[in-house]
Amino acid sequence: MITKLKRFVSDESGATAIEYGLIATLIAIAVIAAARGLGNGLGATFNNIAGNLK
């Protein structure tokens, strides 16, 4: 029983999975922020072009 408890305490595979999950979340947030910024910039450009065509 003691050896199983020691093995459970020393097992770090769960911590590694959580770290990878956090990294993936941060990358996803960065991609979403970049896409929003790019989308806003493109929208402004197209609105400017449309305004100049009238």
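## Exposure at Phe-46

A residue counts as exposed when its relative accessible area is over 50%. Phe-46 has a relative accessible area of 56%, so it is exposed. This is a predicted model, and the values here are computed from it.

Phe-46 lies in helix α2, which covers residues 13–53. It also belongs to a nonpolar surface patch.

## Overall fold and dimensions

What secondary structure does the protein chain contain? There are two helices and zero strands. The radius of gyration is 24 Å, whereas the globule rule gives 10 Å for 54 residues. The value is well over the rule, so the chain is more spread out than a compact globule.

The C-alpha trace shows the proportions directly. Along its principal axes, the trace spans about 80 × 10 × 5 Å.

## Surface and burial

How much of the protein chain counts as buried? The share is 0% of its 54 residues. Burial requires a relative accessible area under 20%.

The protein chain exposes about 5,100 Å². Carbon and sulfur atoms supply 70% of that area.

Ile-18 is found in helix α2. Its relative accessible area is 56%, which makes it exposed, because the cut-off is over 50%. Ile-23 is in helix α2 too. At 46% relative accessibility, Ile-23 falls between the 20% and 50% limits, so it counts as partly exposed.

Distances from these two residues give a sense of scale. How far is Ile-18 from Gly-51 in space? Their C-alpha atoms are 49 Å apart, with a sequence separation of 33 residues. For Ile-23 and Thr-3, the separation along the chain is 20 residues. The C-alpha atoms of that pair are separated by 32 Å.

## Summary

The predicted chain has two helices and zero strands. It is more spread out than a compact globule, and 0% of its residues count as buried.

How values were computed. Residues numbered from 1 in each chain as written. Predicted model: local features only at pLDDT ≥ 70, side-chain atom pairs only at ≥ 80, totals over all residues. Heavy atoms only, no water. Patch = residues over 30% accessible without salt bridge, like charges linked within 9 Å, V, L, I, M, F, W, Y side chains within 5 Å. Areas by Shrake-Rupley, 256 points an atom, 1.4 Å probe, with all protein chains shown as cover. Salt bridge = Lys/Arg side-chain N within 4 Å of Asp/Glu carboxyl O. Helix = DSSP H or I, 4+ residues; strand = E, 2+ residues; numbered from the N terminus. Buried < 20%, exposed > 50% of the residue type's maximum accessible area, 1.4 Å probe, protein only. Rg over C-alpha atoms; globule rule 2.2 N^0.38 Å.
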